[in-house]
Amino acid sequence: MELRTTVRWAMAASAVLALVTTACATKEAPIVSPPSTTGSEFRDQPVRPDAPRRTGTAAPSLEPVYFDFNRYDIRADAKPLLRSNAKAIMENEQWGVVIIEGYCDERGSEEYNLALGEQRARAVKRYLSDLGVSSRRMEIVSFGEAKPAVMGHDESAWRYNRRSEFKTGS
Amino acid sequence: MEHCVSAALRAALVMALLAPATSRSANAEERPAIVVTPGSEQTYRAAVQRFADLSFFPGAERAAAFQRALAEALEFSSVFRVIDAEAFLGPAVTASLDDPPPVCSDWTQIGADALIEGELRVDASERSAEFRVWDTARCRRLLRKRYRESGVGDASIVARRIADDVVEAFTGVHGVSATEIAFVSNRSGSSEIYVMDADGSHPRAATANSSLNNFPSWSPNGDSILYTSYRSGNRPMLFISTRGQGRPGPVLRDGDSGRPQYRGVFDPTGDRIAVVLSAGGAAEVYTVRPGGRGLRRLTNNRVIDIAPTWSPDGKQIAFVSDRSGSPQVYVMDADGKNLRRLTYDGSYNTHPAWSPDGKWIAYESRIEGQFDIWLIDPDGNVNVPLVFHPRNDESPSWAPDGTKVAFSSTRRGRPDIYIIDLSGENLRRLTRDAGSNTSPAWGPYPR
């Protein structure tokens, strides 16, 4: 066993020696490239348990409202719902800050939908503010096309995913 | 001498025979006219010898696996077709790289334009290979080089780096098989950033925080990924992760902590980041220096301005605005001046991606309810489809050599990442795992 290992070492050493001498003799020394960084890992850590919650609790009496494709103006059918939401928010001080979330259906650029979801949430906030809800009690956040309310890939799902929802922090 | 002349004649003949096939005149009336051409129009044929295994403990299967990996990486380029070793007249296995030149006629006779010889060493802590590549028609050695990768693992990374060198030796443009693509997947249950090799192999998580993560963007040196995450609370924020470092850090400073941060994109030098922040009632485009200083606002209005992409010289930014009433692509100087509208066709044009050679801006366009990838030149003179399919094709990202584009497509139902040549050929699906796979970001060349 020991002898075989020695033989292997000798073979390897002579191979290297041969390589070196021939390379020098023929000036064929290769270009040597440094190791690449490709393949080394990115790391992450789970969100800390004490980090703020991603979403609050759904406010029981605050109805979601829906939007048309690529639009963020408040639809006529949404206005009665928002009026009753405004009344509920003003009557329930204990809810504290209400978070108005904007969402889109799955179609189109995700980044555009993030910006569009913000516009939807902002339009709702503006409407509630006009009805007398204090701006200090409202925050907006967009999730774009992430977190659809209804799974599906046609209008029957999309119509319920283009929406604004309400969450309360408490 | 005689065989060199005949090889040149053969090459000319092959090119003449291939010419009608590559112009795709047969089905020109069925397809929209595509005036773009890939980085290299010519296809070469390569003979890849089985490398001599000089490992301390050699193994026949190791050299065979390496040979397969090298062949796959060469064919990934779309530049090479690899000749079956059964057809070889010359030696199937490299004897020594210090041998005299090969008998080139052995290789030209089987149609090989390139011959690759090599030696392989794989040990406990190192994978290395040395190779030389021959232009068989001129019987000239184009390159001899040695690669060494530390750590354990398969040697396919070395094979891919060799293939990319061989591509450059023949075309003048470095291959991209050794690059990586970042993307977003919900395969674990939450939307996380992943990185895979450019051929779709070795997918691995780059984030694991169980919140929403999106829009990966590489630093030009490939060490860092910038992305948008809801990891710190009820609001999207920009983070940067660097290889080998534990905790991702915020991109902007504390003073900007109040408002949503939607997306960040490094400029080609790494000196600036274009960022999309909510301001004054809508998303706006800014630039900032890495570290968070020097925040500068480029767009200033109450409409959506998003999706910045840098020209390769860093002097201009293309982006999306809905100031006209629908999302369209615009171009401005990197200081916000000299704004001009680029796209006019259709009512939904988003996600511009400027090609590495500066000649094209790929973007996604919605026509009759269908999203496709289009190419427009920065002057707006030529506007042609790259990917056309009844299902949705979105989020184009360029390979660093500018010959391929990655995108996401729902053509098989749930979105997956695909790549395609600039010629519209060689469509290839990269993600095969469960879940939705979106937002590809093709990484830079490895250093």
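**Close-ups of a two-chain predicted model**

**View 1. Ile240(B) sits in strand S12 (residues 237-242) of chain B.** Strands here are DSSP E runs of at least two residues and helices are H or I runs of at least four, both numbered from the N terminus. This is a predicted model, where local features need pLDDT of at least 70, side-chain atom pairs count only at pLDDT 80 or more, and totals for chains, interfaces and linings use all residues. Residues are numbered from 1 along each chain as its sequence is written, chains are lettered from A and ligands numbered from 1 in the order written, and side-chain values use heavy atoms, leaving out hydrogens and water. Ile240(B) has a relative accessible area of 23%, so it counts as partly exposed (buried is under 20%, exposed over 50%, partly exposed in between; 1.4 Å probe, protein chains only). Skipping residues up to four places away in sequence, Ile240(B) touches Ser224(B), Ile225(B), Leu226(B), Pro248(B), Gly249(B), Val251(B) and Phe266(B); contact means heavy atoms within 4.5 Å.

**View 2. Phe80(B) and Ile162(B) touch the most other members of the 31-residue largest nonpolar core.** Such a core is a set of buried Ala, Val, Leu, Ile, Met, Phe, Trp, Tyr and Cys residues joined through side-chain atoms within 4.5 Å. Elements giving two or more residues to this core include helix H2 (60-76) and strand S5 (126-135) of chain B, while H4(B) supplies the largest share, eight residues. Beyond four places in sequence, the contacts of Phe80(B) include Tyr44(B), Leu74(B), Val166(B) and Phe170(B). A second, separate core of 30 residues includes Tyr103(A), Cys104(A), Phe215(B) and Ile306(B).

**View 3. H2(B) and H4(B) cross at roughly 40 degrees, their axes coming within 8 Å.** Axes are lines fitted to C-alpha atoms, for helices over the stretch in contact, with angles from 0 to 180 degrees between N-to-C directions. H2(B) is therefore oblique to H4(B) (under 35 degrees is roughly parallel, over 145 roughly antiparallel, 65 to 115 roughly perpendicular, and the rest oblique). On the H2(B) side, the contact involves Phe66(B), Ala69(B), Leu70(B), Ala73(B) and Leu74(B); H4(B) brings residues including Ile162(B), Ala163(B) and Val166(B).

**View 4. Chain A has four helices and six strands.** From the N terminus on, they run α-β-β-β-α-β-α-β-α-β. Of the 170 residues in chain A, 40% are buried. Among chain A contacts with a separation of 6 or more, 77% join residues 24 or more positions apart.
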